[in-house]
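Here are my notes for anyone opening this one for the first time. Have a look at the model, then go through the points below in order.

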Amino acid sequence: MTEAEAGFVEAIPLPAVMIRRDERIEAANGPALALLGQGIRGRHFITALRQPGLPDAIESCLRDGSPRVADFLTNDGRQDTTYRVTVRAVALESGRGVLVCFEDVTSIEQIGQMRRDFVAN
């Protein structure tokens, strides 16, 4: 990975991961390392992103270049957190890869649940 590519990933304010064509994690910014763990660089993406739907979205995007969206759920010990994950094809010096960005949509999900509970009661 070039210095420019690494700087691009680090500049993204959301947790972001760059995955190469060989399905290895090429780069991850600080927020992504905090979310997924410090040792994810160089590993196959499936070992860090095991949630249903997300590996399929990444593999499909690597295959055909079409953007995908998936959800990623986690728990930090205090609360459940829901991320909307966007997967987009990007051109890398080493070939095509994908950029995976995580957007925290927990508050939106909670508001939707409160609305559904209110209507149900």
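**Notes on the salt bridges and the overall build**

1. Start with Arg68 and Asp64, whose side chains form a salt bridge with an N to O distance of 3.0 Å. The term here means a side-chain nitrogen of Lys or Arg within 4 Å of a carboxyl oxygen of Asp or Glu. Arg68 is partly exposed at 22% relative accessibility, and Asp64 is partly exposed too, at 40%. For burial, the cut-offs are under 20% relative accessible area for buried, over 50% for exposed, and partly exposed in between, using a 1.4 Å probe and protein chains only.

2. A word on what you're looking at: this is a predicted model, where local features need pLDDT of at least 70 and side-chain atom pairs count only at pLDDT 80 or more, while totals for chains, interfaces and linings use all residues. Residues are numbered from 1 along each chain as its sequence is written, and side-chain values use heavy atoms, with hydrogens and water left out.

3. Next, Arg84 and Asp71: their side chains meet in a salt bridge at 2.9 Å, N to O. This pair links distant parts of the chain, as Arg84 sits in strand S4 (residues 80-92) and Asp71 in strand S3 (residues 68-75), 13 residues apart. Arg84 has a relative accessible area of 30%, so it counts as partly exposed; Asp71 is also partly exposed, at 36%.

4. Which residues are linked in a network of salt bridges? They are Arg20, Asp22 and Glu26. Within that group, the side chains of Glu26 and Arg20 come to 2.6 Å, N to O. Glu26 counts as buried because its relative accessibility is 17%, whereas Arg20, at 22%, is partly exposed. Over the whole structure, the search turns up four salt bridges.

5. Now zoom out to the fold. The protein chain has four helices and five strands, and along the sequence they run α-β-β-α-α-β-β-β-α. Helices (H or I, at least four residues) and strands (E, at least two) are DSSP runs, numbered from the N terminus.

6. Finally, some totals for the protein chain. Of its 121 residues, 38% are buried. Among contacts with a separation of 6 or more, 37% join residues 24 or more positions apart, where contact means heavy atoms within 4.5 Å. The chain exposes about 7,000 Å², with 51% of that supplied by carbon and sulfur atoms; accessible areas come from the Shrake-Rupley method with a 1.4 Å probe, and for residues only the protein chains shown count as cover.
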